[in-house]
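Got a fold open on the screen and wondering where all the labels come from? Let's go through them one at a time.

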Amino acid sequence: MVRYFFFLFFLGQLYAADFISFQTRPARIEDLDELYALVCDLAAFEGKDLKTLPVTKDNLKKYGFGETPYFHVEFAENQNGIVGYALYSYAYSGHQGTPFLYIDDLYVKPAERGHGIGSGLLQQLACYAKDLGCCRMEWHAFDWNDQALDFYDKLGGNLRKDLLLIRMEKEAYWKIADGEIRERTP
């Protein structure tokens, strides 16, 4: 009887450790310092040089909390404070005729991973997408981030090998805007 009780107590402790209570909420302008710190944490995780990282608190304030926000942020909080975030925006699908939700950043502090926080953030974004009538949610992930790719696969995300991300950096699109580059002919 004592052994059984100890086993149940121990099992309960393991279970409690796996699912820490947390909540999600939209970011507020007062959270700007915390948002900036998390964006920098994610950049460091991705191997970026923080000394040359172009994002600033002023950019985040201007584009996320200004008159016309270009992005939204959902935070995850637990007893340790803000422990993760999702930075997302809406775009429009011409083929579907409805908006879609695009996730640019999804990040949970390493010490807080494995407790359902990333799933909780995605669930909240899925609710926003559902309420708006979005046709899909989409995001990108680095091919070296196996932990993230496995996580997304378990949640039902599809890795589209038939679609490639095309990115045009500022220097290239400025040349097009200035008429310096036109379609190349063979």
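Q: What is the handedness of the crossing of H2 and H3, left-handed or right-handed?
A: The crossing of H2 and H3 is right-handed. Keep in mind that this is a predicted model.

Q: Why is H2 called roughly perpendicular to H3?
A: H2 and H3 (residues 57–65) pack at an angle of about 110°. Angles from 65 to 115 degrees count as roughly perpendicular, so H2 is roughly perpendicular to H3. As for spacing, the axes of H2 and H3 are 10 Å apart.

Q: Which residues meet where H2 and H3 are in contact?
A: From H2 you have Leu32, Asp33, Leu35 and Tyr36, and they meet Lys57, Leu60, Lys61 and Phe65 in H3.

Q: What makes the residues of that contact nonpolar, polar or charged?
A: Leu, Phe and Tyr count as nonpolar, while Asp and Lys count as charged. On that basis the contact of H2 with H3 divides into five nonpolar, no polar and three charged residues.

Q: What is the strand order of the open sheet?
A: The five strands come in the order S1-S2-S3-S4-S5, and the pairing is mixed. On average, neighbouring strands of this sheet are turned by 30° against each other, direction ignored.

Q: Why are S1 and S5 called edge strands?
A: Strand S1 (23–26) and strand S5 (137–139) each pair on one side only.

Q: How do you know that S1 and S2 count as a pair?
A: Pairing takes at least two bridges between the strands. S1 and S2 (residues 72–78) have four, in the antiparallel sense, so the pair qualifies. If you want a spot to look at, Pro26 stands opposite Glu74 in S2.

Q: Which strands do H2 and H4 lie across?
A: H2 (residues 32–45) lies across S2, S3 (81–93) and S4 (98–108), running at about 85° to S3. H4 (residues 117–132) lies across S1, S2, S3, S4 and S5, at about 165° to S4.

Q: How many helices and strands does the whole chain have, and in what order do the elements run?
A: The protein chain has six helices and five strands. Starting at the N terminus, the elements go α-β-α-α-β-β-β-α-β-α-α.

Q: How much of the chain counts as buried?
A: Of its 186 residues, 27% do, with buried meaning under 20% relative accessible area.

Note on methods
Residues numbered from 1 in each chain as written. Predicted model: local features only at pLDDT ≥ 70, side-chain atom pairs only at ≥ 80, totals over all residues. Heavy atoms only, no water. Helix = DSSP H or I, 4+ residues; strand = E, 2+ residues; numbered from the N terminus. Axes fitted to C-alpha atoms, helices over the stretch in contact; angles between N-to-C directions. Contact = heavy atoms within 4.5 Å. Parallel < 35°, antiparallel > 145°, perpendicular 65-115°, else oblique. Left-handed = near helix turned anticlockwise from the far one by under 90°. Buried < 20%, exposed > 50% of the residue type's maximum accessible area, 1.4 Å probe, protein only.
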